[in-house]
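Welcome, and please open your viewer. We will walk through a few stops together, selecting residues as we go.

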Amino acid sequence: MNDSVARLARLTPEQRARLVARARQGAPARERRVPRVDPSGPIPASFAQEQLWFLSRLAPGVPNYNVPFRFALDGPLDVEKLTGALNDVIERHDVLRTTLQQTPEGLRQIVHAHQERELPERDLSGYEEPDALADARAFELARTVFDLEEGPLWTAELQKLADQRYVLIWVASHTIADGGSIGVVVEELAKCYTARITGTPPQLDEDPVQFGDFAAWQRNTLDSDRTDELLGYWREQVRGYVGLGLSYDHPKRPGLDGRTIAFQIEPTTAALVDELAKKRASSPFMVLLAAYQVLLMRLSGRDDIAVATPLAGRDRAEFERVAGSLTNTVVLRTSLEANPSFGELVDRVRDVTFDALKHADLPFGKLVEDTRPARNGQSNPIAQTIFSYAGTPMMRSITPFGPDVRMRCDGMSNDTVRFDFELVLDEKLEGLSARFEYNAGWIERASAELICQAYQEILAAAVREPEQKLDELPAPRLPGWEPEEEIPEQRSPEDVSPLEEQLTRLWASKLDVERIGRDDDFFALGGHSFLATELVADINAQLGSRLTVLELFQASTVASLAEVIEEAPDEAPEEPDLAETVQSMSDDEVAAALQRLRSRA
């Protein structure tokens, strides 16, 4: 089983077989073969692509759904043969030649014919700080904004740092790539490069399953009966959840600007995580998540904690080697009530996780649209934080790249956030590494540092003595965030402005509701993602406004939306092109940018 949430490699064969059997118990029967689709015609988009398409309209020009990676290459690299190998891989995988297009029948994948692509090369070896310059350039590339209709939906650049020292930057839209597919692409790139260097055929599977095949299979599998079954389960899982209720250091203003703090889990603690996982017939993921939920209980003062987590979606053999975005998000909600021991909490997390695995096929976007959770300011609906572990296995080892070159993979941040804050842990060559990503507009760095330190203290104590009750675990210093303020008192329904009256008429027409109040919520009345897009278009056409879908999500009542429209500036500011900006920077400006980058690290 390859899902990131169930990394069971360290368990005994008997434990692994028992856990996998339990996870699959009660799952629907699966067909043995994935039908192939004709790539020459429009292919239905996957459910994840539909959600990401909508989110790109929700926050246009923001690269918060990118998949950026960097690869260190050491040895006598042949750049021409590397370029040829890259084109071999592009030709093999349709998704690397795909764009998205909205049609009357719905969102479709368009696979384009292969055209040779050059690999841009940047020689930094003559500069005083080539590594720092490479870092700055990688950061800019990681913030590439992809046009999902025009494409291409990925970019790459090779940077030469010194003789036989290179860095390859690869950045893709999440619509076509995830951590698992990066492993597929890069492993095949290494094999194709080796074949070109040695003059031998590449050792690759023939006729690989394409992402379009997966998308068609997904839609056929998730028929109405299966979708209803899954929705029934997930409705119960999120029913009555009220969130973390955190106010943060600053009010929740619009913005997706993020920062990252990286830290290392102490090796002794990491070893005890593995040991406890084996004793509780679970996995390291479950132990690490349990510690995170204890931290969230300390932060919020609540014992009902929900965390979103990405699943790799590659537990079916045919999809292990598919290039594309198969990741799906699920919500793991755990009760910490009755003051269990930490070991007992791990058991609870294990049970919740395996139940979620049995129902993991439902796209997260469908759950959001079905449950229509209340949107509080900027927070992500249903869960406000995400926890991820070991999403990219190739980070754990060195990859041979031809006879004389070795490659190491590492993840990157591009200073954007999708949730209020996220904790990501990866098994790397140097051990268990972590990074905490947070919304810099709401959370001060000092608060984020307290959270990172608290997690390490709680985890170390919990795995050292798992028999301890939760209230016996350390209570490290944490940000003094007060509970969120209650919703302000509503005005009288009769006190309606002319603009609000216009908006209520537009809402009533779009929602097919006879009467709309100024304090009614668009989503509570049945609005959903695509209906929101249509409503915003109608409002802008009739009122001459420049409202965005993101603003509707942030201000989802008639009254709050009217305020947004009234306070909108006369002219929208233009966003600079980041890549062009860095190209035109002087040496002094580059030095200043590097200093700012270091201050964020």
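A salt bridge here is a side-chain nitrogen of Lys or Arg within 4 Å of a carboxyl oxygen of Asp or Glu. Before selecting anything, note that this is a predicted model, in which local features need pLDDT of at least 70 and side-chain atom pairs count only at pLDDT 80 or more, while totals for chains, interfaces and linings use all residues. Residues are numbered from 1 along each chain as its sequence is written, and side-chain values use heavy atoms, with hydrogens and water left out.

**Salt bridges**

Start with arginine 435 and glutamate 437, whose side chains form a salt bridge with N and O 2.8 Å apart. Buried means under 20% relative accessible area, exposed over 50%, and partly exposed in between (1.4 Å probe, protein chains only). Glutamate 437 is buried at 8% relative accessibility, while arginine 435 is partly exposed at 22%.

Next, select arginine 219 and glutamate 50, another salt bridge at 2.8 Å, N to O. Arginine 219 sits in helix α6 (residues 211–221) and glutamate 50 in helix α2 (residues 47–58), so you will be looking at parts of the chain 169 residues apart. Helices (H or I, at least four residues) and strands (E, at least two) are DSSP runs, numbered from the N terminus.

Now pick aspartate 415 and arginine 259, where the closest N and O atoms of the salt bridge are 3.7 Å apart. Because aspartate 415 lies in the loop between β13 (405–411) and β14 (421–428) and arginine 259 in strand β8 (residues 258–264), the pair ties together parts 156 residues apart in sequence. Aspartate 415 is buried, at 6%, and arginine 259 is buried too, at 17%. In total, the structure holds 33 salt bridges.

**Strand β7**

Select residues 165–173, which make up strand β7; eight of its nine residues are buried, so the rest of the structure largely encloses the strand. Which strands pair with β7? Strand β2 (residues 66–74) does, antiparallel over nine bridges, and so does strand β6 (residues 154–162), antiparallel over eight bridges. Two strands pair if DSSP finds at least two bridges between them. In the hairpin of β6 and β7, which has two residues between the strands, glutamine 164 takes a positive phi near 70 degrees.

**A three-strand sheet**

Finish at the open sheet with the order β1-β4-β3 and antiparallel pairing. Its edge strands, β1 (43–44) and β3 (98–103), each pair on one side only. Highlight proline 44 to find arginine 108 of β4 standing opposite.
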